[in-house]
Amino acid sequence: MKQQLTAWQKRDEHSDTLPMEQVQVLYAHLPSSLSISAILALILVVIQAPVIDAGIRFGWLALLFAVLLWRVALLMAWRRSADIMTPADAKQWLLRFRLALIVTGMVWGMGGVVLVPSDDISHQVYVAFTLAGLSAGSATVLAIDRLSVLGFILPVLLSLIVPLSVTDNTLSQGMGAMLSLFLLFLLLSARDTRQRLEENFHLRVKAAQSEESLLKMLESSPIATRISDLGSNRVVFANSCYNDLLEIPDDKIIGVRPSSYYADPKEFAEIEEAVARGEKVVDKLIEIRSPGSSQWVKWVLASYFPIEYQEKPAVLGWFYDITDRKLVEDEVEHEAFHDALTGLPNRLHFHNRLHKAIANAEHKQTDLALMFIDLDRFKPVNDQFGHDTGDLLLKVVADRIVACLRQSDIAARIGGDEFVVLLSGVGSDENALVIGEKIRYALCQPFEIEGLTLHISSSIGVAIYPKDAEKEDDLIKRADIAMYTAKARGRNSVVAYRPGMQGEGD
């Protein structure tokens, strides 16, 4: 019984709001309808001048314009009260519209009588064509209200159909019959259009109710959720969890541009493009940040879905805050790929970077240089002063190597006192040797470690891709050969690989 009452209540709500919908549509089309009606009337009066007395023509035109002015005044009055209109007011405005429309139809119907000559078939056809066209346009514009359609079309077309049908002229009778069929077609077409409009109205009401239920559900969700307009890229709805995620007060979230919170604007643009194509984006790792400052950085697992909100394309976004988990994962990953002592990439990470660097150089047709660095006289430091002092020395060595490099270069520790350096886009052997010499000089300067002055040096071997080797393993081997050649030549030197060096065939 409760379900039945709910259904009747919803039907009553629809019946209360339908007149408001009808009034909105009818009055919205009124300016164009009045303009077309006035233009057609003027043309008709001019065309019928040769066959209809001027007094009749201009008398009818004056009457029609008086009615049109009445409807203009009605339109202006409606516009002043449209914003505060209630369902009860809408019914009154609908009645006024119908009344003025029926009077307009009667005046046009009068024109169909007084402006049609009895002995000139061509002018009869012209009037019939004009009134039929006016009726066809009106049937479409007025279709949302059945009484408006009947109130206008019947007096307009019957004023032609009846006189034409009762004449003795066969051609006139035929025109009357055709107009009768045309009238039937317009009524049936208007009925079908009205049904579609009412169905659309009920669907929109239902959608609005569903939208309200959706917003209530999203507001109570423990997941950060927002809806943004796809066209303007502005937030149109956000729940409290989303406010907390972006650290924005509730009263300032609406209208915010979500793109301003993405660390990578290109990433946001790609997501928007995918959603605009009707695609959904699920479980994408996104970095967000406080715009204009480094106040906070967070990581979220985000999903995006195309929806329609307030009759516009929109994006529904869900955001799981995984910042704590991401930080733990980053720390674990850093430990797995970096040397615990110096913080430089370790052997595994270096091989990954070298593999990618060679692939990129091959694609861009550029070169790169690989340096092997082995410290000279490091073992005596460990033996004489202990491993703690040796570890501190390795840290300072790593810092000096990095200080000699460009931002695009990579240094790694691959063994006890062994380091490698990857230089991208060096351009020539000489450029690589210059950087190698810079590192050699930095490492042969005294080190002040816990009150001790320590002296070491380095042997550096350099191999160039693709001149010396095109494969990763070959490039490593040849840089290693060049490094051992530097040691063999007395250490504390930088040597570029050359074919035929000792160890080449090993």
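A cavity is a set of points on a 1 Å grid over the protein atoms alone where a 1.4 Å probe fits but cannot get out; lining residues have an atom within 4 Å of a point. Its volume is the space filled by probe spheres set on the points.

This is a predicted model: local features need pLDDT of at least 70, side-chain atom pairs count only at pLDDT 80 or more, and totals for chains, interfaces and linings use all residues. Residues are numbered from 1 along each chain, and side-chain values use heavy atoms, without hydrogens and water.

**Exercise 1.** Describe the largest cavity.

*Solution.* Start with volume: about 70 Å³. Next, find the lining, which includes Arg226, Tyr242, Leu245 and Phe319. Then sort the residues: nine are nonpolar (Ala, Val, Leu, Ile, Met, Phe, Trp, Tyr, Cys or Pro), none polar and one charged (Asp, Glu, Lys or Arg). Last, find the main contributor: α7 gives the most, with three residues.

**Exercise 2.** Is Asn243 buried or exposed?

*Solution.* Locate Asn243 in helix α7, residues 240–246. Helices are DSSP runs of H or I, at least four residues. Recall the cut-offs: buried is under 20% relative accessible area, exposed over 50%, with a 1.4 Å probe and protein chains only. Asn243 has 3% relative accessibility, so Asn243 counts as buried. Now list contacts (heavy atoms within 4.5 Å). Leaving out residues up to four places away in sequence, Asn243 touches Ala238, Ile248, Asp250 and Ile253.

**Exercise 3.** Which lining residues does the second largest cavity have?

*Solution.* Among them are Asp429, Val462, Lys467 and Arg498. The space is about 30 Å³. By class, five are nonpolar, none polar and four charged.

Notes:
Helices (H or I, at least four residues) and strands (E, at least two) are DSSP runs, numbered from the N terminus. On a 1 Å grid over the protein atoms alone, a cavity is a set of points where a 1.4 Å probe fits but cannot get out, and a pocket is an open set with protein on both sides within 12 Å along at least five of seven lines; lining residues have an atom within 4 Å of a point.
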